[in-house]
Amino acid sequence: MGLTPPHFEGTPRPLPHRVALDRPVFEALGLSEEERHQIYRDTARLVWRRIRMARGGEGGEGEA
């Protein structure tokens with residue numbers, strides 16, 4: 001479909017307003033910095049799959 005998956009590894013850079021909303025929740029849950037980064041990476045993967053599925057591409061579990 002002409003889509004190139006984004007790079008999901010490394011340090012995520014969420015928008016500042018997103019961090020401001022997420023920080024109190026992450027702190028209440030006692031998440032480490034790495035756990036927070038993993039949540040952002042996993043969320044990006046899920047969004048990517050939803051976009052692919054909406055455009056008629058495959059969105060299976062094994063795909064990035």
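Student: In which helix is the place of Arg41?

Tutor: Arg41 is in helix H2, which covers residues 33-54. The model is a predicted one.

Student: Why is Arg41 called buried?

Tutor: Its relative accessible area is 7%. Buried means under 20%, so Arg41 is buried.

Student: What makes the pair Arg41 and Gln38 a polar contact?

Tutor: The two side chains come to 3.1 Å. The cut-off for a pair of N or O atoms is within 3.5 Å, and the pair is a polar contact.

Student: Which residues is Arg41 in contact with, leaving aside its neighbours within four places in sequence?

Tutor: Arg41 is in contact with Phe8, Glu9, Gly10, Pro12 and Glu34. Pro12 is also touched by His37.

Student: Where is His37, and what else does His37 touch?

Tutor: His37 is found in helix H2. Not counting residues up to four places away in sequence, His37 touches Thr11 and Pro12.

Student: How do you know that His37 counts as buried?

Tutor: The relative accessibility of His37 is 15%. The limit for buried is under 20%, so His37 counts as buried.

Student: Why does Pro14 count as partly exposed?

Tutor: Pro14 has 27% relative accessibility. Buried ends under 20% and exposed begins over 50%; the value for Pro14 is in between, so Pro14 counts as partly exposed.

Student: Where does Pro14 sit, and what does Pro14 touch?

Tutor: Pro14 is in the segment before helix H1, residues 16-29. Beyond residues up to four places away in sequence, Pro14 touches Val19 and Tyr40. The C-alpha atoms of Pro14 and His37 are separated by 9.4 Å, with the two residues 23 apart along the chain.

Student: Which residues of H1 meet which residues of H2?

Tutor: In H1 they are Arg18, Val19, Asp22, Arg23, Phe26 and Glu27. In H2 they are Arg36, Ile39 and Tyr40.

Student: Why is Arg36 called buried, while Arg23 is called partly exposed?

Tutor: Arg36, in helix H2, has 15% relative accessibility. Buried means under 20%, so Arg36 counts as buried. Arg23, in helix H1, has a relative accessible area of 41%. That value is between the limits of 20% and 50%, so Arg23 is partly exposed.

Student: What does Arg36 touch, not counting residues up to four places away in sequence?

Tutor: Arg36 touches Arg23, Phe26, Glu27 and Leu31. For Arg23 and Arg36 the C-alpha distance is 9.0 Å, at 13 residues apart in sequence.

Student: How many helices and strands does the protein have?

Tutor: The protein has 2 helices and 0 strands. Of its 64 residues, 19% count as buried. The accessible surface comes to about 5000 Å², and 57% of that belongs to carbon and sulfur atoms.

Student: What percentage of contacts between residues at least 6 apart in sequence join residues at least 24 apart?

Tutor: The percentage is 55%.

Technical notes: Residues numbered from 1 in each chain as written. Predicted model: local features only at pLDDT ≥ 70, side-chain atom pairs only at ≥ 80, totals over all residues. Heavy atoms only, no water. Helix = DSSP H or I, 4+ residues; strand = E, 2+ residues; numbered from the N terminus. Buried < 20%, exposed > 50% of the residue type's maximum accessible area, 1.4 Å probe, protein only. Polar contact = N/O pair within 3.5 Å; in protein donor to acceptor, adjacent residues only side chain to side chain. Contact = heavy atoms within 4.5 Å. Areas by Shrake-Rupley, 256 points an atom, 1.4 Å probe, with all protein chains shown as cover.
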